[in-house]
Amino acid sequence: MEKSLQLVFKNAAGSTKLITISNPKDDLTKAQTDEAMQKIIAANVFKTVGGDLTQAVEARVVNRNVQVLE
């Protein structure tokens, strides 16, 4: 099963932007992801068509089961 962490942000235009991280730690907490998202916003390292990231919306862990058909 594939596991990823999705960090959801809003940019200056109000659009939703997603940063996906593969294979996150199993024991992540909301406090840890909130802190990381605030650091990402403060560092201002991501530019989007709608402007800078301005708001942390949510963090979510996604589990995906992929089956290759043969």
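Which helix does Thr33 lie in? Thr33 sits in helix 1, residues 30-43 (helices are DSSP runs of H or I with at least four residues, strands are E runs with at least two, both numbered from the N terminus). This is a predicted model, where local features need pLDDT of at least 70, side-chain atom pairs count only at pLDDT 80 or more, and totals for chains, interfaces and linings use all residues. Residues are numbered from 1 along each chain as its sequence is written, and side-chain values use heavy atoms, with hydrogens and water left out.

**View 1. Thr33 and its surroundings.** With 7% relative accessibility, Thr33 counts as buried (under 20% relative accessible area; exposed is over 50%, partly exposed in between; 1.4 Å probe, protein chains only). A polar atom of the Thr33 side chain lies 3.0 Å from the backbone oxygen of Lys30. Beyond neighbours within four places in sequence, Thr33 is in contact with Leu5, Leu28 and Ala59 (contact means heavy atoms within 4.5 Å).

**View 2. Gln6 on strand 1.** Gln6 lies in strand 1, residues 2-11, and is buried at 15% relative accessible area. Its side chain makes a polar contact of 2.7 Å with the side chain of Arg60 (a pair of N or O atoms within 3.5 Å; within protein, one must be able to donate a hydrogen and the other to accept it, and residues adjacent in sequence count only if both atoms are side-chain atoms).

**View 3. Gln6 and Ala59.** These two are 53 residues apart in sequence, yet 5.6 Å apart in space, C-alpha to C-alpha. Leaving aside neighbours within four places in sequence, Gln6 has contacts including Ala59, Glu58 and Leu18.
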